[in-house]
Amino acid sequence: MLKSIFVATLFFNLLATTHAVANPLALFIEQCLQYQPDLAQQTLVSFQSVEQQAVAFERNTLALNNINDRIQYYRPFANNSINRQGLLWCQLHLADELNAVVSAPQTLYLIDQLPYLAPPYNQLGQRLETIKRAKWPVIEKSKLHGAQASIDQALSQQHFTLQFNQQDCVLPQRTETTNKHQDTEPTQNTNIDISIAKYLIKQPKEYCRKQAWLAYQTRAKEQQAAAVESIHFLQQQQAHRQGYANTAQAQLASHRLTPQLLQQFLDSQTANINIAPWNIAQTLSDISKSSSMEMMTTNVFLQQIFTSLKPLNLKFEPITIEKPRVEGETSSDDGQQNSLNETQIIRVWHQQRLLGEIFTYPQADQQSRQDVNGQLIKQTVVGHQFGQYALSFPPQLTRATQQQKLINQLSQAIVSLAQGGEFYFLNHKAQNTDAHAIATLWLVNYIKQQLKLESISKRYQLVAQYQQQLWVFRAKVALDFYQYDGDFNNTEQDTWLSHNHQLSAYFEQSFGQQWPQATDAIYSYQAIANEGVNYYLPLWQSALTQLIMNQTPANISTGEIFNLLVVNETHLTLNDQLEQLIGLPIDPHSLIRRFKHAGTTQE
């Protein structure tokens, strides 16, 4: 098979590197590329019930899914192009193996039988059917991932120079020139060696800032053009194979939406902040960064969060990982044993059930960039495995944004660990996007209310409003791009460019100014190639969560909401959950109307 050639080629390229520089990441990539699920193990046993066969399927595919999660865990540690390429091909290899599993005769039989069973078995059947329908021909899939990687590489390129036709847009840079016969003499450098963000802050002339911002959006247009066009063509082909008129229809069908309904939703989320992107940096620089937050240790803040979660019957049990004892070193006292200043395991309990473990990694004080990061290590699957999550943070929290991010990452960890299902594909956030995101957003809001945090600063509010409207605009661009049914060659290029007026109007609705060549926006962000039309999803999930918080009756306790949204032991679908929480109607058209009525535009 073609995929085998690709994998073998990469495998032998990586093998030399692995022998030369042995490291855990290279070893993982090598093992991943060699991994193949044993399809023989999935041979149906005639005397087993369909339910038993479903459990056997879960057991036989769990290793594949765990390796896939470990790829995401290792991504931040891939600090060179060889490792990044290795993880990409590893992911593609696992996708091929999953397709092989789903296409196996015994799995197809299981997919046919599962819909006739009660939850969660019928839900597993639906999820496997979705995976089967989404299968791509090998050659087309290779082209798609190659084009996506090309766009990612083009946009991640950091080496560029700002150059202007108008001399008055140049910000002179003071440089030093020296030789043996001359004293050091300051000169002006017109090749601006400065980041775009700094330029937008320092440049007082708006028309210069606008030129720089627009040029930055198309900085990789020439390198991207062929890849963007290829992705559009391949996605359209796939949509036609599935019986849809265009990609937008195909991607929205699984969410019970149409392009027209999505446009209505995006319009309801549009709010004119009347600040153009090329002016936002200067506007923010004029707003004080000061905050009423006092510095506190991360350990203290985490303990406050843990206390706030007690009403939900959550318990957190810290277990210190013992370090090798150095001779003559004194032992820690009891108070230090419960500190999170060293790597620990935090066992998470709900009522009397162990959900899983969170590994905490405090960052060193001298680390140059201190931030809060979290990553799933292993997904909880009831009856098969406990979940594991990694959480890294600075020892001190000095900014409100760090607090916000820690709450968000811990909430994601709890939701991943607390899922009450016995099938990976019904628990994992990549396969269960809406339910996982809504549960996380609800839990984040609950924690903030319990902690009674200080209100965020005006500066942070403006950043959130700007990011929200940029997301709305880009979601509109993606929707327009994937509804376009032409191509981008010379004969039809003008047809696509005719969308400038509409996209420019969308831009003006959010930012108060026009983008004359707004069709260039398709070259400005990676998500249009990866997420496609589904780029809108976080906006939809946020609006749904806000609706739940606004319209859930007071007689439903927070503990009941947690059990319903997060744990969900009764395997309710998202629609069933919504019906219990906010009542009917919950069809997409009615939800959009309710969003607008309830004022759920997020800030």
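Modeller: Start with the backbone oxygen of Tyr 484, which lies 3.3 Å from a polar atom of the Gln 236 side chain.

Biologist: What makes that a polar contact, between the backbone oxygen of Tyr 484 and the side chain of Gln 236?

Modeller: A polar contact is a pair of N or O atoms within 3.5 Å; within protein one must be able to donate a hydrogen and the other to accept it, and residues adjacent in sequence count only if both atoms are side-chain atoms. The distance here is 3.3 Å, so it falls within the 3.5 Å limit. Keep in mind that this is a predicted model, where local features need pLDDT of at least 70, side-chain atom pairs count only at pLDDT 80 or more, and totals for chains, interfaces and linings use all residues. Residues are numbered from 1 along each chain as its sequence is written, and side-chain values use heavy atoms, with hydrogens and water left out.

Biologist: Where does Gln 236 lie, and what does it touch?

Modeller: Gln 236 is in helix 10 (residues 221-241); helices (H or I, at least four residues) and strands (E, at least two) are DSSP runs, numbered from the N terminus. Not counting residues up to four places away in sequence, Gln 236 touches Asn 246, Thr 247, Tyr 482, Tyr 484 and Asp 485, where contact means heavy atoms within 4.5 Å.

Biologist: Why is Gln 236 called buried?

Modeller: Buried means under 20% relative accessible area, exposed over 50%, partly exposed in between (1.4 Å probe, protein chains only). Gln 236 has 6%, so it counts as buried.

Biologist: On to the ring pairs. How many aromatic pairs does a search of the whole structure find?

Modeller: The search finds 27. Take Tyr 121 and Phe 423: their ring centres are 5.7 Å apart and their planes are at 70°.

Biologist: Why is the pair of Tyr 121 and Phe 423 called edge-to-face?

Modeller: Rings of Phe, Tyr and Trp (its six-membered ring) pair if their centres lie within 6.5 Å; planes under 30 degrees apart count as stacked, over 60 as edge-to-face and the rest as tilted. With centres 5.7 Å apart and planes at 70°, the pair is therefore edge-to-face. It links distant parts of the chain, 302 residues apart: Tyr 121 is in helix 6 (residues 121-133), and Phe 423 is in the loop between helix 16 (400-418) and helix 17 (424-427). Tyr 121 is buried at 17% relative accessibility, and Phe 423 is buried at 1%.

Biologist: What makes the charged end of Arg 219 count as sitting over the ring of Tyr 216?

Modeller: A charge sits over a ring if NZ of Lys or CZ of Arg is within 6 Å of the ring centre and within 35 degrees of the ring normal. The charged end of Arg 219 is 3.9 Å from the centre of the Tyr 216 ring and sits over that ring.

Biologist: Why is strand 8 described as largely enclosed?

Modeller: Because seven of the seven residues of strand 8 (residues 387-393) are buried. Both faces are covered, with Gly 387, Tyr 389, Leu 391 and Phe 393 on one side and Gln 388, Ala 390 and Ser 392 on the other.

Biologist: Last one: what stands out about the phi of Gln 351?

Modeller: Phi of Gln 351 is positive, about 55°, although the residue is not a glycine. Most residues other than glycine have a negative phi, and most peptide bonds are trans. Gln 351 lies in the loop between strand 5 and strand 6, and at 48% relative accessibility it counts as partly exposed. As for the peptide bonds, a cis one joins Pro 119 and Pro 120, with omega about 5°.
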